[in-house]
Amino acid sequence: MRIAVIGAGVVGSLIARELCKYDVEVLLIEKNLDVGWGVTKANSAILHAGYDDPVGSVRSKFCSAGNSMYTELSRELDFEIKRTGSYVLAFNDEEIAVLHKLLKQGEKNNVPGLELHDRDTILSKEPRVNPEVKMGLWAPTAGITEPWMVAIAAVENALENGLKLFLNEEVVDFERQNGRIVEIVTNRAKHRVDVVINAAGLFADELAKRAGTEFVPLHPRKGEYILLDKKLGSTVSSIIFPTPTEKSKGILVLPTIDGGLLLGPTAEDLPSDRKHDLSTTSQGLEAVKGFVLKLVPGIDFSMVVKTFAGLRPESPQKDFFIRASDSVRNFVNVMAMRSPGLTAAPAIAKYVVEEILQQQLGLKLSLKSDFNPLRKGIKKYAELSVEEWQKAVKENPAAGRMVCFCNEVTEAEIIEAIRRGARTLDGVKFRTRAMFGRCQGGFCMSRILKILERQLGLDASKIVLKSPNSWIVDGKVRE
Amino acid sequence: MKTDVLVIGAGAAGMAAAIAAAKNGLKVIVAERDEVTGGILNQCIHNGFGLHYFKEELTGPEYAERFRERLSEYTDAIQVLTDCHVLKLNRDKKALLVSPRGVFELETKVVIYAAGARERPFGSLMIPGDRPSGIFTAGVAQRLMNIDNRKIGNRALIVGSGDIGMIMARRLTLEGTEVVGVVERLPYPGGLLRNVIQCLKDFDIPLYLSSTVVEVRGKERLEEVVVANVDEHFKPIPGTEKIFKVDTLVLSVGLIPQVEMLDGLVSLDARTRGIACSSTGQSSCEWIFAAGNCTAIFDLVDYVTREGERAGEYASRYVVGERFTRNVPIVPGENVMLTFPNSYSDVDDLTLYVRCRKPMEKAVLKVGSFERVFEDLIPSEMIVVRVPKQKLMGLDRIEVTLAEV
């Protein structure tokens, strides 16, 4: 049996890995040059506790369940998570009332450990938040991770377990026979399939339409972010939310996994024809700046490292749409993965494979005896003891050549990232954190370009930042 | 390993400091993270270096070569470790070094920190728009072109009319990239007049003053840059937008002293954002001396060399037991943007670097009881002046002022 997953974001990647536990042929088709580069790449990187989602919603079903799965998943796949906990802060009586509602909702959603904290408790744990705070909802299970790393780790592990990965391949059509999809047509190839799982993120509605299945229309909701230097990473130790409104969870202040401080996102609904619009705007960035100062006064904006925007797929129902199609019997939609899609993803992957495929569609999948659930991340030499590092350098001198000074990434790590599939500057960046630091590649980008050139046996003019036409350098200036 | 002096960084300041310490008979180890000594000089293939120090005009690599030769005259005293990154410096004067040859600890008596500066990256400017390829800092562009022999694009716009920005405009033109303009948010050029003429006028490259980039566009490679005029508070004026169709944007918008390795060990100066130093080069941690662009951003490499020599000299005297006690704060006053050093230790006359706040035709510099008239002052050009020790006697605070006349 051949099962194809379309879209290698965090949801598609985890579904693909889940499928690799069974004795089936698994295809993962992704139009970008790397995995995790769509919706997954730019969001708040939060493992939500699960008190936000309306009782009875599909979101509520998967959020706290997914959250609790991350502990084991991060151990198996060797990516970092930090259970920082989160606060929702209330500054007036109206907001306090909302906190009480959230607490009740969270308890119904099986969110563990929720507590209401008074001002003094909050300020003792988070001394930098606005002292006018009146009350806070504390959620200890909330945490942070690197979303793209979840996708990368899942795909690496799936590849070890037989996954066939097709990058830079865009699905353009489907061949149908007797109300079933029999072939996926991409811009490069045709893939015969028995089952199709649509996890195409922002574009899942268009794919579903093309396949002739039910769908919910998607529009992008843009979130703009500001990332600050590691020097400010300890400004807060947990995720600081404002009291949510009907529309969104608001603009937050949170630490990042690698020690920076992240501010954002805005929430701007865009029409459905702007699914490629990842531009930041002056209004958006100003909104972020203005808003976060109410939560955490005194943030030093001279320490900005970068600004960026991400898009979340939003539907009119404001809920996940996860179901087998009634009209096309071998097609499963996993779409409208708005927040908390990242958190819910592991639970969704399990649900899709165990409940939808096996129970609802009645597929007979047998578990592989030799599935290896473990994947090792790229070794970070700077985290080793001096003795261990010394030994590693003796075996491999590249482990002692520091390339990225800001995030202390060695040449050995960059070579390993390339060995594991990085083909672009961003591919190296997202796998190693090189170029992610305060100098933003000022010292290391040209060196990484040369390492890519050497390792891939390609001329530098063929190496791109992130997409086929995002070239870095042209020909030579002197022969 | 043990040494008397650990010099961190083998750029202009580090090389000069190492030589000064070796001349004083000390054992020196220089740790340089790049594969060669010389620092940023190696990628600056234009001329104009060394006019003060060597009294002749050299290119960056030539200037570096002269010091490399001098270093090699002291092979008994100086050991240069290239491709060697100082990972950590501890309070107990031990450093952890990492290189392809090994990871090892080094015990020293004194450190001369000469790590230079980094460029302000595009991301820190919070410019709205897309995030395409084709946006380079001047230093990265310079390295790619001058060292790696790569063409960075076909049509470029440059932001920042400091000397580096203007020199890059010329270099790109000479290397076959069309430069459509240089954008400067100040109402006057940020660099030397000679560069305005030799780098822009001579090549018909337009300079857009009081202008700033308000948006970059391009889904993959850069396609368009939107530039607008700014008011006196540097706020873009709506309706003045101009679109440049370019595939390359080169940013030359300032340098930031690199200080992170010394976090928690030394004090910084709020204005220079560099390591706060006494006139001896000594930081707030008495066994750490610092020199060059990690203390303040200097106009000329010649100054950086002199500061390196000074730090090397006083660090050596510190190693053999001399202590520099009296440290009088030096503070910028009227019309002064910044001063360096940050305090005065009365072992010698004071070499003072001053940057004015605005262009002035004529002004009197006052430092203690010292006065001197300067003409044609601009913020981009540092004033360097030697103030005799006697003029600073008995002060417990040295204010530096520029009174317009």
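Predicted model: local features only at pLDDT ≥ 70, side-chain atom pairs only at ≥ 80, totals over all residues.
The interface of the two chains involves 49 residues of chain B, which are in contact with 56 residues of chain A. The size of an interface is often given as the accessible area lost when the parts come together. For chain B and chain A, the area buried between them is about 4500 Å², and 55% of this area lies on carbon and sulfur atoms. Seven salt bridges are found across the interface, and one that is present in the model joins the side chains of Arg478(A) and Glu175(B), with an N to O distance of 2.8 Å. Residue pairs in polar contact across the interface of chain B and chain A, both members being at pLDDT 80 or more, number 25.

On the side of chain B that touches chain A, two or more residues come from each of strand E6 (85-89), strand E7 (94-99), strand E8 (102-113), strand E9 (117-119) and helix H3 (138-147) of chain B. Of these elements, H3(B) gives the most to that side, with five residues. By residue class, the side of chain B that touches chain A divides into 18 nonpolar, twelve polar and 19 charged residues.

Within chain A, Glu314(A) is placed in strand E19, which covers residues 304-314. The side chain of Glu314(A) makes a polar contact with that of Arg338(A) at 3.2 Å. Apart from neighbours within four places in sequence, the residues in contact with Glu314(A) are Pro217(A), Leu218(A), His219(A), Arg221(A) and Arg338(A).

Strand E11 (residues 155-159) and strand E12 (residues 178-183) of chain B run parallel and are joined by five bridges, with Arg155(B) having Glu178(B) in E12(B) as its bridge partner.

An antiparallel pairing is seen between strand E14 (residues 211-217) and strand E15 (residues 224-229) of chain B, over six bridges. Val216(B) has Val225(B) of E15(B) as its bridge partner. The strands E14(B) and E15(B) form a hairpin with six residues between them, and in the turn Gly218(B) has a positive phi of about 150°.

Notes
Residues numbered from 1 in each chain as written. Chains lettered and ligands numbered in written order. Heavy atoms only, no water. Contact = heavy atoms within 4.5 Å. Buried area = accessible area lost by both parts, 1.4 Å probe. Salt bridge = Lys/Arg side-chain N within 4 Å of Asp/Glu carboxyl O. Polar contact = N/O pair within 3.5 Å; in protein donor to acceptor, adjacent residues only side chain to side chain. Helix = DSSP H or I, 4+ residues; strand = E, 2+ residues; numbered from the N terminus. Nonpolar A, V, L, I, M, F, W, Y, C, P; charged D, E, K, R; others polar. Pairing = 2+ DSSP bridges.
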